[in-house]
Amino acid sequence: MLRVLLIFLFVFVMPEEVLAKEIKTPDGVYSGSIRNNRFNGKGVMAFYNGDVYEGIWRNGRPHGFGKYTRSQGGYSEGLWKKSKLHGLAIKVTPSGKRTEGDWSNGNQHGPAAVFLPNGDQYQGIWERGRLIGDVSYVFANGDLYHGPLENDIPSGSGNLAKSDGDQYIGSMLNGKPDGYGEYKDFQTKTEFKGIFKAGEKHGPGVLLRADDSKWEGIWDGDRAAGVGTHTDSNGETYSGLYGELKPEVTSKIVPSKNVTLSCREHAFDLVVIKDSAWNELNFSKKSGTSYCLE
């Protein structure tokens, strides 16, 4: 009796499974396991457009672990559900961008790590295919950025810690400081607060030095230019032109109206010489024509 029951279950209840060598469909050519006249189990579909899926099928669709390789380059490998990525997976684009993370019904959903062809990489959180919040971005040269991202490039207000110890906090565009920001230079021990453009100081700003002196004025192409004001560590202020590799006579320091007539104090035309490096400037040496305050 038991033997008859087993035969009945095998013949009439258990689904029929065959291993097909090749089945042509409207989409491509399939070879693999078939149950109930559908692709079920492990199989390979070679699509007519050159794409290939190899993995687990259920009821005629990718369902389970598998790899989908595109004819134009790139692939998607991981868990599938009803022909869509669903769960942990790896996706590589034709350009070489690699994403490792979670998917839900074909959309990135949850934490993921992205590796770019240029060597940069970042981590973030996705919700229904959209990146939400800030990312932790590591440049190929070791610089670290934390902030918003746009088209895989740091853009918006963020924090950039450079591998050489420098740090930038402020607006970025296309991966470079752009707009208002604050940049600390570890080597020269200076800090710039002002406007950047394409990674360079460009516009109004103030440069603070380790000795508490500062230069406030206009920058052009990462260099100070035009009229500015220098304040030394004692609080003494000089205003005038910023020289470029040659002496420039600045505007005369004008005495206040309440100055007592005395030659103990002098005003003078200040000469400033700009070296190739900002931190080589020396404002302590006063030169030029002296004027007795009388």
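Is K97 buried, exposed or partly exposed? Select K97 to begin: K97 is partly exposed, because its relative accessible area is 22%, where buried means under 20% relative accessible area, exposed means over 50%, and partly exposed lies in between, using a 1.4 Å probe and protein chains only.

**Before going on**

This is a predicted model, in which local features need pLDDT of at least 70 and side-chain atom pairs count only at pLDDT 80 or more, while totals for chains, interfaces and linings use all residues. Residues are numbered from 1 along each chain as its sequence is written, and side-chain values use heavy atoms, with hydrogens and water left out.

**The whole protein**

Of the 294 residues in the protein, 33% are buried. The accessible surface comes to about 18,200 Å², and 52% of this surface belongs to carbon and sulfur atoms; accessible areas come from the Shrake-Rupley method with a 1.4 Å probe, and for residues only the protein chains shown count as cover.

**Salt bridges**

K97 lies in the loop between strand 7 (84-92) and strand 8 (98-104), whereas D152 lies in the loop between strand 13 and strand 14, so the pair ties together parts that are 55 residues apart in sequence.

The structure holds four salt bridges, and another of them joins K162 to D143, with the closest N and O atoms 3.0 Å apart. Because K162 sits in the loop between strand 15 (156-161) and strand 16, and D143 in the loop between strand 11 and strand 12 (144-147), this pair ties together parts that are 19 residues apart in sequence. K162 is partly exposed at 25% relative accessible area, but D143 counts as buried at 5%.

**A loop with positive phi**

Now select N151 and D152 together. Most residues other than glycine have a negative phi, yet N151 has a positive phi of about 55 degrees, and D152 has a positive phi of about 65 degrees. N151 lies in the loop between strand 13 (149-150) and strand 14 (153-154), and D152 is found in the loop between strand 13 and strand 14 too. N151 is exposed, with a relative accessible area of 69%, while D152 is partly exposed, with 21%.

Look along the pair for A46, which stands opposite V52 in strand 4. Four residues lie between the strands of this hairpin, where G50 takes a positive phi near 100 degrees.

Y53 has Y68 in strand 5 as its bridge partner. Two residues lie between strand 4 and strand 5 in their hairpin, and N59 in the turn has a positive phi of about 50 degrees.

**The cores**

Finally, select Y122, Y137, Y145, L160, Y168 and W219, which have the most contacts inside the largest nonpolar core, a set of 20 residues. A nonpolar core is a set of buried Ala, Val, Leu, Ile, Met, Phe, Trp, Tyr and Cys residues joined through side-chain atoms within 4.5 Å. Among the elements that give two or more residues to this core are strand 9 (107-115), strand 10 (121-127) and strand 20 (214-220). Apart from this core lies another, of 11 residues, among them I34, W57, L85 and A89.

Terms used
Two strands pair if DSSP finds at least two bridges between them. A salt bridge is a side-chain nitrogen of Lys or Arg within 4 Å of a carboxyl oxygen of Asp or Glu.
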